[in-house]
Amino acid sequence: MDEAWIESALCTSCNDCISLNPRLFTYDGNRQAQIGDVTLGTFAQLVLAAERCPVRCIHPGKPVNSDEPALDELIERAKPFNS
């Protein structure tokens, strides 16, 4: 899985991801989370949102920016959410 994605149908609208970065995460017409613009956020924010999500519906995928700090650690943290 390369691209970040959200299983929007499972979203409970808890606001955890939206409050982390409202440009990276947005709501659809049903007020369920979806990925907004991945270039306006970091892989670290994707991983943190996945970790905070109460229903585990956020899948960080792979980093977009290969220069982001601590990528090895973040990729390891993302593994449980990408499988």
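Guide: A crossing is called left-handed if the near helix is turned anticlockwise from the far one by less than a right angle, and right-handed if it is turned clockwise. Helices (H or I, at least four residues) and strands (E, at least two) are DSSP runs, numbered from the N terminus. Here, α2 makes a left-handed crossing as it passes α3.

Visitor: What kind of model am I looking at?

Guide: A predicted one: local features need pLDDT of at least 70, side-chain atom pairs count only at pLDDT 80 or more, and totals for chains, interfaces and linings use all residues. Numbering starts from 1 along each chain as its sequence is written, and side-chain values use heavy atoms, with hydrogens and water left out.

Visitor: Back to that helix pair. At what angle do α2 and α3 pack?

Guide: Axes are lines fitted to C-alpha atoms, for helices over the stretch in contact, and angles run from 0 to 180 degrees between N-to-C directions. For α2 and α3 the angle is about 35°, and the axes are 10 Å apart.

Visitor: Which residues of α2 and α3 meet?

Guide: Contact means heavy atoms within 4.5 Å. On the α2 (43–52) side, look for F43, A44, V47, A50 and E51; their partners in α3 are L71, L74, I75, R77, A78 and F81.

Visitor: Which residues of α2 are buried?

Guide: F43, L46, V47, A49 and A50. Their arc is only 160°, so they too share the same side of the helix α2. The buried residues of α2 pack against α1, β2, β3, β4 and α3.

Visitor: Which residues touch the most other members of the largest nonpolar core?

Guide: Such a core is a set of buried Ala, Val, Leu, Ile, Met, Phe, Trp, Tyr and Cys residues joined through side-chain atoms within 4.5 Å. The largest one has 20 residues, and I6, C17, F25, F43, L46, C57 and I58 touch the most other members. α1, α2 and α3 each give two or more residues, with the largest share, five residues, coming from α2. Click on C17: leaving out residues up to four places away in sequence, C17 touches F25, A33, A49 and I58.

Visitor: How do I read phi in the loops?

Guide: Most residues other than glycine have a negative phi. N15, in the loop between β1 (5–6) and α1, has a positive phi of about 80°. N15 is partly exposed, at 32% relative accessible area. A70 has a positive phi too, near 60°; this residue sits in the loop between β4 and α3 and is partly exposed at 46%.

Visitor: Where does N30 lie?

Guide: In the loop between β2 (25–27) and β3 (33–35), exposed at 63%. Its C-alpha is 9.8 Å from that of C11, 19 residues apart along the chain. G29 lies in the loop between β2 and β3 and is exposed at 82%.

Key. Buried < 20%, exposed > 50% of the residue type's maximum accessible area, 1.4 Å probe, protein only. Arc of directions from axis to C-beta.
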